[in-house]
Amino acid sequence: MHRTLARPAFDVETVRKDFPILQGHVWCKPLVYLDNAATSQKPRAVLEAVDRYYREHNSNVHRGVHWLSGAATKDYEGARDKVRAWLNAAGREEIVFTRGTTESINLVARSFLRPRLKPGDEVLVTEMEHHSNIVPWQIVCGEAGAKLSVVPIDDRGELLFDEKLLTPRTRLFAFVHASNALGTLNPAKDLVRAARARGIPTLVDGAQAVPHMRVDVRDLGCDFYAFSGHKLFGPTGIGVLYGRKELLDAMPPYQGGGEMIRRVTFEKTTWNDIPYKFEAGTPDIAGAVGLGAALDYLGALDAEALHDHEATLLARATEALSAVRGLRILGTARRKVSLVTFDLEGVHPHDIGQILDQEGVAVRTGHHCAQPVMDRFGVPATARASFAFYNTLAEVDALVAALGKVRELFA
Ligand code: PLP
């Protein structure tokens, strides 16, 4: 006899119990945490994995013959295997642990791009980049006499991509998978394909994409993919650079020190194999362990159900916020991750943020490290509510009610 296995419904209240901080209060009001794009909250499984690591396995990795060092190395390298599987990378040596997206991008700028850049060369980015996907390229372009070129965006916050922007002088196309300032989800696979057709390498900034979707780097076809653990429900201080093996192999080290060497003499030093060539010094072992635990936790949830839930949150927030008098949503792309950026006529975003805070609602205000986006829309700053799968429709309503108070105060 066959039994039909129905997919269990996604129960947000059950999931929320896994996140201790979400049970908390601020200013005597229940916390409504809508700043997930800045950093997301950590499930108990991550907190316990980090705690267990320090209590039971704390030691330095790779270099010790004693039992604890072996245990720590197993934990750390086990986390690398989990990231490899999560991204569907071809090999574990393609996964470099870094401090976060910012360091991953700087590594590529220094070790991959800088040696290849000549005067007159170009690096293509988009107008919706986070500063960390602009400034590292700008620095090496400045050193080499190369320049940045930019894919513009339209009024909805969608890319106005034209293949002509990929020129014979383009040495790299670096673009954001999902925009932290607008929420736009870019057609990463198409963009990579256009670049590859011209032999141009690609780096995808996945900081805001990975918390919302499964990413398959082989399916994307990109050369580099960068993300941060702390936005993916893991600890701060740990991040990932995925890089294609043949490129990483050919790149010089990023930093010098222990671990990244094979043999050191005063005359000459030779490098370790990848990924260790790029992991100088003692790594954030506990961070890697916590990131691995975050992936295990996410892997046990129903990805499709999470996605549907976030889509519902986004739809409700977009509809309800659009009805607030004087509120304008910046970023109305057809494909978005679950965040809404807005301004409110006659109210400075920082005042919005402070009044919402008094209501227990945490949103981010400012330029979101994307000043070119602010310039594009002619504003100095905005407010941003960004959702994770553990947010509820009631929290969207709490945001809207709190904005009603802002409106009253500034009537
Ligand atoms: N890229 C994007 C799109 C981001 O949203 C962020 C952080 O907000 C970063 C890069 C930088 O990430 P991190 O500060 O974790 O290095």
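Buried area is the accessible area, taken with a 1.4 Å probe, that two parts lose on being put together, summed over both. The model is a predicted one, in which local features need pLDDT of at least 70 and side-chain atom pairs count only at pLDDT 80 or more, while totals for chains, interfaces and linings use all residues. Residues are numbered from 1 along each chain as its sequence is written, and side-chain values use heavy atoms, with hydrogens and water left out.

**The two domains**

- Domain 1 covers 12–37 + 302–409 and domain 2 covers 47–299, with bounds that come from an automatic or database domain assignment.
- The centres of the two domains, taken over C-alpha atoms, are separated by 28 Å.
- The contact (heavy atoms within 4.5 Å) takes 33 residues from domain 1 and 31 residues from domain 2.

**The interface between them**

- Of the area that domain 1 buries against domain 2, 23% is supplied by Arg 335, Val 337 and Arg 376, more than any other three residues supply.
- Between domain 1 and domain 2 there are 2 salt bridges, each being a side-chain nitrogen of Lys or Arg within 4 Å of a carboxyl oxygen of Asp or Glu.
- The rule for polar contacts finds 18 residue pairs across this interface, both residues at pLDDT 80 or more; such a contact is a pair of N or O atoms within 3.5 Å, where within protein one must be able to donate a hydrogen and the other to accept it, and residues adjacent in sequence count only if both atoms are side-chain atoms.
- Helix 12 (371–377) gives the most to the side of domain 1 that touches domain 2, with 6 residues; helices (H or I, at least four residues) and strands (E, at least two) are DSSP runs, numbered from the N terminus.

**Ser 40 in its loop**

- Ser 40 lies in the loop between strand 3 (32–33) and helix 2 (44–57), and it counts as buried because its relative accessibility is 1%, buried meaning under 20% relative accessible area (1.4 Å probe, protein chains only).
- The side chain of Ser 40 reaches the backbone nitrogen of Phe 233 at 2.9 Å.
- Leaving aside neighbours within four places in sequence, Ser 40 is in contact with His 230, Lys 231, Leu 232, Phe 233 and Tyr 390.

**Helix 11**

- Within helix 11 (residues 349–358), the buried residues include Pro 349, Ile 352 and Leu 356.
- Strand 14 and helix 13 (393–409) are among the elements that cover the buried residues of helix 11.

Note on methods: Buried < 20%, exposed > 50% of the residue type's maximum accessible area, 1.4 Å probe, protein only.
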